[in-house]
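Please consider the aromatic side chains of the structure shown below. The account that follows leads through their pairings and surroundings.

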Amino acid sequence: MDINEYFANRCTVRNYTDKEIDPALLMQMLEEAAHAPNTGNMQLYSVIVSRTPEEKAALAPMHFNQPCATGCSVLLTFCIDINRFRRWCEANHAEEGFGNSQMLLASAIDASLFAQQFNTIAELNGLGCCYLGTTAYNAAEIAAILKCPDGVVPLISLAVGYPKGEGNRSDRLPIGSIVHFGKYDDYDYSRIKSVYADKESLEESAEFIAQNNKETLAQVYAEVRYPKATNELFSKSLDEYLDRTFFKK
């Protein structure tokens, strides 16, 4: 596979065949992914593998029953994990101070890098992957299902399997609109309209607008797909969960 072609054309895959991922291949890919960069070489993450129909079915409602959550070969839940480090410190009479925002951010970065490196390795091995953006919405419930102790927070879920058909390559903003040189170059009205012009002109964008009875694509995103009330509801739940388990004194 040409590596440049892979990165230029990679896409999310939501439909999978019945072929199972060999357990040895899965472990090999996870081991390779664990060489992703991380904070202080502490590897503040864990991954929980769900591969039986029962395990995936238990998690499916937490992912709003997206078909790929149960149709995949394996469903991986990548977690923030300071529990393992805490246990190590306890065993070695070391006083840790990781239950704070700084280490929450550090461990979230670690888990994200681990997950993305696995995603890339899996796709290069002929597999298809789909990130499920629902994990943080229902982190407390997912943690309960997966028996996560305090300090272990579900962050990213990845459905993985052998592709059934072609995935859909998503549009992206022009690279010039997200790269800043020397300093942040803010967006005036003219520039912001230019940045989103291609995205707004897509046929699927017109369909989103019509289906949701809105006037603009921005309204669909901000008022229908990710509305303030929903964001605040899930934020409250996540804040309460983190206060109970991560920031626990």
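**Aromatic rings and their partners**

Tyr137 is partly exposed, with a relative accessibility of 22%. In this predicted model, Tyr137 forms a stacked aromatic pair with Phe234, with 4.5 Å from centre to centre and 15° between the planes. The angle counts as stacked because planes under 30 degrees apart are classed in that way. Distant parts of the chain are linked by this pair: Tyr137 belongs to the loop between β3 (128–132) and α7 (139–145), while Phe234 belongs to helix α12 (residues 228–245), 97 residues apart. Phe234 has a relative accessibility of 18% and counts as buried; the cut-off for a buried residue is under 20%.

A search of the whole structure finds 10 aromatic pairs. Among them is the pair of Phe85 and Trp88, which is edge-to-face, with 5.6 Å between the centres and 65° between the planes. About one helical turn separates Phe85 from Trp88, because the two are three residues apart in helix α5 (residues 83–91). Phe85 is buried, at 15% relative accessible area, whereas Trp88 is exposed, at 55% relative accessibility.

Aromatic residues also gather in a group. One aromatic cluster is formed by Tyr45, Phe78, Phe114 and Phe118.

A further kind of contact involves a charged side chain. Arg225 lies over the face of Tyr221, at 5.0 Å from the ring centre. Arg225 also lies over the face of Phe208, at 5.8 Å from the centre of that ring.

Note on methods. Residues numbered from 1 in each chain as written. Predicted model: local features only at pLDDT ≥ 70, side-chain atom pairs only at ≥ 80, totals over all residues. Heavy atoms only, no water. Phe/Tyr/Trp six-rings, centres within 6.5 Å; stacked < 30°, edge-to-face > 60°. Helix = DSSP H or I, 4+ residues; strand = E, 2+ residues; numbered from the N terminus. Buried < 20%, exposed > 50% of the residue type's maximum accessible area, 1.4 Å probe, protein only. Lys NZ or Arg CZ within 6 Å of the ring centre and 35° of its normal.
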